[in-house]
Amino acid sequence: MTAAPPAVDGLTELAGLLAGGGALVLSGAGLSTDSGIPDYRGATGSLRRHTPMTYQTFTRDPRGRHRYWARSFIGWRQIAEARPNAGHRAVAALQRAGAVADVITQNVDGLHQAGGARGVLELHGGLDRTVCLACGDVASRAALDLRLRAANPGFRPEPTDEVNPDGDVELPEEALDGFVMVDCLACGRGPLKPDVVFFGETVPRDRVDACFALVDDARALLVLGSSLTVMSGYRFVIHAAKRGIPVAIVNSGPTRGDGKASLKVDAPLGVVLPELARRLA
């Protein structure tokens, strides 16, 4: 006999809110922690140990850019091998049931799509692509990885920490000189950049506008696994609240948006979302 799921305060109210359909999901790094990708601000978040790459450093400091790609070359293995967890699959099930219409994710790992979600709007881009800062060519990260493997057959330094949400790992400084970066295949120059929004970089205006339009069309905004610390995601909670659109937050621990939420469920996503999908599917 399958054990009954643990009782979660607010779950019945959340199911009632979503039963009418047409909800918009806004997901954050907390949704991917069960897939082995740490978040930035949780109890073991990488911001407690690691300063993430900034756009300014990446574009202005060749050594900093070289450091990023050396670390990302090692970290990409864990990102590429990560698999969607029960929370990702539950979001896709809620979509199929009509409870959720659209998904905006702050994550760059592609796990929503791998879990079966449709039409996911990646607010901060995706690590599965690269963009050339010289010519604008967008290419496959998997293809770049094959080229980097060929250029670095003996580059296997041991990381000093786990992978970060932006896809890199900490490496000893002395290991960086052994790494060889490659140029853009389209123009022969570069530099190449992962097609993600770094800290200090602005999300493209058309992408932000598309997100606001999804909020305007939603019957409810469901925030999953985001502390909403940065304005990039929090602005959509502010917008929904101003328009009278109910905001529900599912997160372990407090968030910046709790005061604007109609409903807060403080519980693990891996518990809440599968049970929510079971009730509504």
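This is a predicted model: local features need pLDDT of at least 70, side-chain atom pairs count only at pLDDT 80 or more; totals for chains, interfaces and linings use all residues.
**Entry 1: strand β7**

I started with β7 and found both faces covered: Ala220, Leu222 and Leu224 on one side, and Leu221 and Val223 on the other, are all buried. For my notes, buried means under 20% relative accessible area, exposed means over 50%, and partly exposed lies in between, with a 1.4 Å probe and protein chains only. Five of the five residues of β7 are buried, so the strand is largely enclosed by the rest of the structure.

Residues are numbered from 1 along each chain as its sequence is written, and side-chain values use heavy atoms, with hydrogens and water left out.

Helices (H or I, at least four residues) and strands (E, at least two) are DSSP runs, numbered from the N terminus. Two strands pair if DSSP finds at least two bridges between them.

Next I looked up the partners of β7. β1 and β7 run parallel and are joined by five bridges; Ala23 has Ala220 in β7 as its bridge partner.

**Entry 2: the six-stranded sheet**

In which order do the six strands of the open sheet stand? I read β3-β2-β1-β7-β8-β9, with parallel pairing. β3 (120–122) and β9 (263–265) are at the edges with a single partner strand each, so one side of each is left without a neighbour in the sheet. From one strand to the next, the twist averages 20°. Angles here run from 0 to 180 degrees between N-to-C directions, and axes are lines fitted to C-alpha atoms, for helices over the stretch in contact.

Contact means heavy atoms within 4.5 Å.

**Entry 3: the three-stranded sheet**

I then turned to another open sheet, three strands in the order β5-β4-β6 with antiparallel pairing. β5 and β6 are the edge strands, each pairing on one side only. Neighbouring strands in this sheet are turned by 45° against each other on average, direction ignored.

How much of strand β4 (residues 125–132) is buried? Six of its eight residues are, so I wrote it down as mostly covered. β4 pairs with strand β6 (residues 192–196) over four antiparallel bridges, and Cys132 has Leu192 in β6 as its bridge partner. With strand β5 (residues 138–140), β4 makes three antiparallel bridges, and Val131 stands opposite Val138.

The hairpin of β4 and β5 has five residues between the strands, and Gly136 takes a positive phi near 85° in it. Helix α3 (residues 62–81) lies across β4 and β6, running at about 145° to β4.

**Entry 4: helices α4 and α9**

My last stop was a helix pair. The axes of α4 (residues 86–96) and α9 (residues 269–280) come within 8 Å and cross at roughly 25°. The two helices are therefore roughly parallel to each other; the cut-offs are under 35 degrees for roughly parallel, over 145 for roughly antiparallel, 65 to 115 for roughly perpendicular, and oblique for the rest.

Which residues meet? From α4 I listed Ala86, Gly87, Ala90, Val91, Ala93 and Leu94, and from α9 Leu273, Pro274, Leu276, Ala277 and Leu280. The residues of this contact divide into ten nonpolar, one polar and no charged. Ala, Val, Leu, Ile, Met, Phe, Trp, Tyr, Cys and Pro count as nonpolar, Asp, Glu, Lys and Arg as charged, and the others, Gly among them, as polar.

I checked Val271 as well, which sits in helix α9. Val271 is partly exposed, with a relative accessible area of 30%. Its C-alpha atom is 8.6 Å from that of Ala86, 185 residues apart along the chain.
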